Amino acid sequence: MAKRSIGDIEKIWSNVEGVKKLSDRAIGLGPFGIGMDGLLTWIPIVGTVYSVGAAGWLLTQAVRAKAGPGTIARMIGYLGVDVATGEVPLAGDVVDFFFPGHLLAAKALQKDIESTHWVEANERDARASGDHDRHVATMQADPKKRRIVYLHD
């Protein structure tokens, strides 16, 4: 597998932003929005296929971005509710129309990406060279950062 770069992580963040808007905010109505997920929920099978497909893609991006286990669990919760509500006839479709599961999952992943100090190296080499301590200090100096991820591990 090719080594990841910070550019790859930025691309994941950007792609997730696109899915967030397409799924739940294609049309903005004040604080609310409607997207493909809400519109397609009214078409049997098609809505489920879209919702499950977008959910799977978001989770794949989370794994590629080495998201933390708490973030992945939160995403699974949001996406599970989104997919499950669409399976309940009529009332579930109404809930799915208004519940922005893809948006919430995408925001959770983006927040995880933003709160990570990314390092284009592997941890073993960074510890051996003493760079790991510098990365820890950099992360601790920024109150928005919560963890370090070595992209070449």
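In which helix do Arg127 and Glu123 both lie, and how many residues apart are they?

1. The model is a predicted one. Arg127 and Glu123 both belong to helix H7, which covers residues 123–129. They are four residues apart, about one turn of the helix. A salt bridge links Arg127 to Glu123, with 2.8 Å between the closest N and O atoms. Glu123 is partly exposed, its relative accessibility being 27%.

2. A separate network, built from salt bridges that share partners, joins Glu17, Lys20 and Lys21. The contributing pairs are taken in turn below.

3. Lys20 and Glu17 form a side-chain salt bridge, at 2.8 Å from N to O. Lys20 and Glu17 are both buried. For Glu17, the relative accessible area is 18%, and this residue counts as buried because the term applies under 20%.

4. Glu17 also forms a salt bridge with Lys21, in which the closest N and O atoms are 3.7 Å apart. This pair still qualifies because the cut-off is within 4 Å. Lys21 and Glu17 are four residues apart in helix H1, so about one helical turn separates them. Lys21 has 46% relative accessibility and is therefore partly exposed, whereas Glu17 is buried.

5. As to the overall count, a search of the whole structure finds six salt bridges. Those described above include Arg127 with Glu123, Lys20 with Glu17 and Lys21 with Glu17.

Conventions: Residues are numbered from 1 along each chain as its sequence is written. This is a predicted model: local features need pLDDT of at least 70, side-chain atom pairs count only at pLDDT 80 or more; totals for chains, interfaces and linings use all residues. Side-chain values use heavy atoms; hydrogens and water are left out. Buried means under 20% relative accessible area, exposed over 50%, partly exposed in between (1.4 Å probe, protein chains only). Helices (H or I, at least four residues) and strands (E, at least two) are DSSP runs, numbered from the N terminus.
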